[in-house]
Amino acid sequence: MKTIRLAVIFAAGAVLAAVPSGAQDYQFNSGSPDGLIATASRPDSTGRIEIESADDFIIAAPTRLTHSTFTGLITGGATSADIGNVRVEIYRVFPNDSNNPPDGRVTTRVNSPSDVALLSRDALTAGLHFHASALSGNFAAANSVLNGINPIPGEFTGGEGPVTGVETLFDVSFDVPVDLPADHYFFVPQVQVNNPNGEFMWLSAPKPIVPPGTPFTPDLQTWIRNGNLAPDWLRVGTDITHQGPFNGAFSLTGATTPTIPEPSSLLLLLSAGLPAIGTLRRRKA
């Protein structure tokens, strides 16, 4: 009987050996704001068209994201008390989730976000909760993009000049975790500011990424669009300002999610120990 127990343990061990060990931490950080540019990014609301600013990151293995941060300006005298909603969207890279070929209203869609978001989370639907912390009361960015988001031939505007506001760190926890397979993605933070004079402007971060940030390759530049340009996107640096190119200031935290073998595979592994059990039974008889 003792020998049979050992054979059962062996068979179970074969199954457990095939199940990956504990998850590994995932952390990404593009770096602190560099003050070069600030770009609008907001959901649509009464009297305001949607604007989306996007920067990329890479997932090397299936990962569950549980937390993010991003840093931007709150302008026009608005404060964190004026924030009506925070949304985070994840896009894949074109041509995924897109019409291809595109409609030709911009110079290129190569390395842009896709036409439509892969997923989103926002505070109004309990997909996330956030805390906004003022870091500096009068932070200046050397250039900005808010209204100058146009199809060809009006892509280049040079930007809309310097902008100042309250430098604000948004600390976001995903109440509904974000599960992503290995792939290349874009991160889009949006903040609804209910003060009619205020805007949220996402601050740029160093490009290329420098330590203690998390360098990766290929590190794509920031893109932007509004509801009129959608589904197309423009490069903030190459198309609109002829500066940069830029990254956006954000971070992501989570853990890898190892794949468990399919039930059929587990049964196959378990069966590997069964002949040993049968042999031991015959020997005992």
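Predicted model: local features only at pLDDT ≥ 70, side-chain atom pairs only at ≥ 80, totals over all residues.
**Stop 1**

Switch to a cartoon view and find the open sheet, which is formed by 6 strands. Going across the sheet, the order is β6-β5-β10-β3-β12-β13, and the pairing is antiparallel. As a reminder, strands of a sheet pair through backbone hydrogen bonds, either parallel or antiparallel.

Which strands stand at the edges? Select residues 119–122 for β6 and 234–235 for β13. Each of these two has a single partner strand, so one side of β6 and one side of β13 have no neighbour in the sheet.

**Stop 2**

Now select residues 83–92, which make up strand β5, together with residues 183–193, which make up strand β10. These two strands pair in the antiparallel sense over 9 bridges.

**Stop 3**

Time to show side chains. How many salt bridges does the structure hold? There are 13 salt bridges, and we will visit some of them.

Select Glu 199 and Arg 48, whose side chains meet in a salt bridge at 3.7 Å, N to O. Glu 199 sits in the loop between β10 and β11 (200–205), while Arg 48 sits in the loop between β2 (38–40) and β3 (51–59), so this pair ties together parts that are 151 residues apart in sequence. Are these two residues buried or exposed? Both Glu 199 and Arg 48 are buried.

**Stop 4: a link within one loop**

Next, select Lys 207 and Asp 219. They form a salt bridge, and their closest N and O atoms are 3.7 Å apart. Both residues lie in the loop between β11 and β12 (223–226), so the pair ties together parts that are 12 residues apart in sequence. Lys 207 is partly exposed, with a relative accessible area of 27%, whereas Asp 219 is buried, with a value of 17%.

**Stop 5: a network of charges**

For the last stop, select Asp 103, Arg 105, Arg 109, Asp 115 and Asp 232 together. Salt bridges that share partners join these five residues into one network.

Zoom in on Arg 109 and Asp 115, whose side chains meet in a salt bridge at 3.1 Å, N to O. Arg 109 has a relative accessible area of 4%, so it is buried. Asp 115 also counts as buried, at 9% relative accessibility.

Terms used. Residues numbered from 1 in each chain as written. Heavy atoms only, no water. Pairing = 2+ DSSP bridges. Helix = DSSP H or I, 4+ residues; strand = E, 2+ residues; numbered from the N terminus. Salt bridge = Lys/Arg side-chain N within 4 Å of Asp/Glu carboxyl O. Buried < 20%, exposed > 50% of the residue type's maximum accessible area, 1.4 Å probe, protein only.
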